[in-house]
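Here are my notes on this one, point by point. Have the coordinates open while you read.

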Amino acid sequence: MYSSNTANVVMKKQATPELQRVPLEEVCLSILAGRLSDNCMGFLLQAPQPPSQESVKNALQVLEEVGAIHPIPSKKSDARLEQ
């Protein structure tokens, strides 16, 4: 239990959506590996409370740097699993 003051002042009215607060590397890798889409950016931006485009770009960049995915040459924001 907590006081109404704590509820009104300390606690947030609404929690930050998960896609806006967690690292997206695993999410993007799961989307691509599960073949839900070959465009992680487009897929995630359709979410009701999507992450920022910058967050998705950063996640895709990390995945590219570690060799987990490589970009599709004709589409700048797309990526696919390394095969």
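1. At what angle do helix H2 (residues 25-33) and helix H4 (residues 53-65) pack, and how far apart are their axes? Bear in mind that this is a predicted model. In it, the angle comes out at about 75 degrees, and the axes of H2 and H4 are 9 Å apart. H2 and H4 are therefore roughly perpendicular to each other, since angles of 65 to 115 degrees go in that class.

2. Next, who makes that contact? H2 brings Glu25, Cys28 and Leu29, while H4 brings Val56, Ala59, Leu60, Val62 and Leu63. Sorted by class, the contact of H2 with H4 has seven nonpolar residues and one charged residue, with no polar ones.

3. On to the core. In general, nonpolar side chains tend to be buried together in soluble globular proteins. Here the largest nonpolar core has 12 residues. Its members are Leu24, Cys28, Ile31, Leu32, Cys40, Met41, Leu44, Val56, Ala59, Leu60, Leu63 and Ile69. H2, helix H3 (40-45) and H4 are the elements giving two or more residues to this core, and the largest share, four residues, comes from H4.

4. Now look down H2. Its buried residues are Cys28, Ile31 and Leu32. They cover an arc of only 95 degrees around the axis, so they sit on the same side of H2. The background is plain helix geometry: an α-helix has 3.6 residues a turn, so residues three or four places apart point the same way. Just after H2, have a look at Arg35 as well, which takes a positive phi of about 55 degrees.

5. Leu32 and Ile69 lie 37 residues apart in sequence, yet their C-alpha atoms are 8.8 Å apart in space. Both Leu32 and Ile69 are listed in the 12-residue core.

6. Last one: is Met41 buried or exposed? Met41 is in helix H3 and is buried, with a relative accessible area of 6%. Along the chain, Met41 and Pro51 are 10 residues apart, and 9.4 Å separates their C-alpha atoms. Met41 is also one of the residues of the largest nonpolar core.

Conventions: Residues numbered from 1 in each chain as written. Predicted model: local features only at pLDDT ≥ 70, side-chain atom pairs only at ≥ 80, totals over all residues. Heavy atoms only, no water. Axes fitted to C-alpha atoms, helices over the stretch in contact; angles between N-to-C directions. Parallel < 35°, antiparallel > 145°, perpendicular 65-115°, else oblique. Contact = heavy atoms within 4.5 Å. Nonpolar A, V, L, I, M, F, W, Y, C, P; charged D, E, K, R; others polar. Core = buried A, V, L, I, M, F, W, Y, C linked by side-chain atoms within 4.5 Å. Buried < 20%, exposed > 50% of the residue type's maximum accessible area, 1.4 Å probe, protein only. Arc of directions from axis to C-beta.
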